Amino acid sequence: VYGETDAVIGMGTRFLADFPNARNRSEVAWKLAEAYGRKKQTREEFATYDALLAELAARAGGVPVGDPAVAAPRSAEYARVLDRYVARLIAEKRLREALALYRREIDRNPSDPGLYERLAAFLDQNKLGAEIEAAYRAAMAQFP
């Protein structure tokens with residue numbers, strides 16, 4: 001049913017409900033979020049990304065990005081979903097919601113230094129200087 005948006009939404013939603021431990025849940029959730037995006041149903045799209053981020057972070061033991069000095073994140077899927085989610089929020093001109101997303105993810109995964117680094121980069125890219133200082137202070141407090 002790929003490409004048939006209503007069918008992707010219907011079958012994807014059922015699949016995620018019926019198969020909580022399927023190996024391809026991330027792929028199905030990704031296609032489901034894209035389908036919601038095509039239909040301009042951003043609330044459902046963003047809820048799908050939120051749920052997927054929570055699942056992927058849990059699978060990564062609460063450290064889905066990891067040490068920023070390492071070349072690749074611990075969960076490439078998590079990084080891909082986070083980047084897509086932030087990009088969609090920015091495209092919708094919802095900068096504050098993107099900032100809130102980073103805050104939620106840091107609250108959910110407080111031991112992940114890579115999330116602090118990504119937040120600081122986001123703040124710098126969007127010229128949010130005061131928030132950059134706060135992000136680095138929080139990271140320094142968490143990771144002496």
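## An aromatic cluster

In this predicted model, W30, F46, Y49 and Y85 are joined into a cluster by pairs of rings.

Across the model the count of aromatic pairs comes to five. One of them is formed by Y49 and Y85, whose ring centres are 5.4 Å apart and whose planes stand at 35 degrees, so the pair is tilted; planes have to be under 30 degrees apart to count as stacked and over 60 to count as edge-to-face. This pair links distant parts of the chain, with Y49 in helix α3 (residues 42-59) and Y85 in helix α4 (residues 76-91), 36 residues apart. What is the relative accessible area of Y49? The value is 0%, and Y49 is therefore buried, while Y85, at 4% relative accessibility, counts as buried too.

## A second tilted pair

Y102 and F122 form another aromatic pair that is tilted, with 5.2 Å from centre to centre and 45 degrees between the planes. Here again distant parts of the chain are linked, because Y102 belongs to helix α5 (residues 95-108) and F122 to helix α6 (residues 113-125), 20 residues apart. Are these two residues buried or exposed? Y102 has a relative accessible area of 5% and is buried, and F122 counts as buried at 3% relative accessibility.

## How helices α2 and α4 meet

Helix α2 (residues 25-38) packs with α4 at an angle of about 10 degrees, and the axes of the two helices are 12 Å apart. Angles under 35 degrees count as roughly parallel, and α2 and α4 are therefore roughly parallel to each other.

Which residues bring α2 and α4 together? From α2 they are S26, W30 and G37, and from α4 they are E77, R80, V81, R84 and R88.

## T48 in helix α3

T48 lies in helix α3, the helix that also holds Y49. At 10% relative accessibility, T48 counts as buried, because the cut-off for that term is under 20%. When its neighbours within four places in sequence are left aside, T48 is in contact with A29, L32, A33 and Y36.

## The loop between α2 and α3

K39 has its place in the loop between α2 and α3, and at 35% relative accessibility K39 counts as partly exposed. Which residues does K39 touch, if those up to four places away in sequence are not counted? They are T5, D6 and I9. Of these, T5 is 34 residues away from K39 in sequence, although the two C-alpha atoms are 7.6 Å apart in space.

K40 is also placed in the loop between α2 and α3. K40 is exposed, with a relative accessible area of 68%, and its backbone has a positive phi of about 60 degrees although K40 is not a glycine.

K93 is found in the loop between α4 and α5, where it has a positive phi of about 60 degrees although it is not a glycine. At 75% relative accessibility, K93 counts as exposed, since the term exposed applies over 50%.

N109 lies in the loop between α5 and α6. Is N109 buried or exposed? With a relative accessible area of 2%, N109 is buried, and its contacts, leaving aside neighbours within four places in sequence, are A57, G62, P64, Y78 and L115.

N126 lies in the loop between α6 and α7 (129-142), and at 27% relative accessibility N126 counts as partly exposed. How far apart are the C-alpha atoms of N126 and L95, which are 31 residues apart along the chain? The separation between these C-alpha atoms is 8.6 Å.

Conventions:
Residues are numbered from 1 along each chain as its sequence is written. This is a predicted model: local features need pLDDT of at least 70, side-chain atom pairs count only at pLDDT 80 or more; totals for chains, interfaces and linings use all residues. Side-chain values use heavy atoms; hydrogens and water are left out. Rings of Phe, Tyr and Trp (its six-membered ring) pair if their centres lie within 6.5 Å; planes under 30 degrees apart count as stacked, over 60 as edge-to-face and the rest as tilted. Helices (H or I, at least four residues) and strands (E, at least two) are DSSP runs, numbered from the N terminus. Buried means under 20% relative accessible area, exposed over 50%, partly exposed in between (1.4 Å probe, protein chains only). Axes are lines fitted to C-alpha atoms, for helices over the stretch in contact, and angles run from 0 to 180 degrees between N-to-C directions. Angles under 35 degrees count as roughly parallel, over 145 as roughly antiparallel, 65 to 115 as roughly perpendicular and the rest as oblique. Contact means heavy atoms within 4.5 Å.
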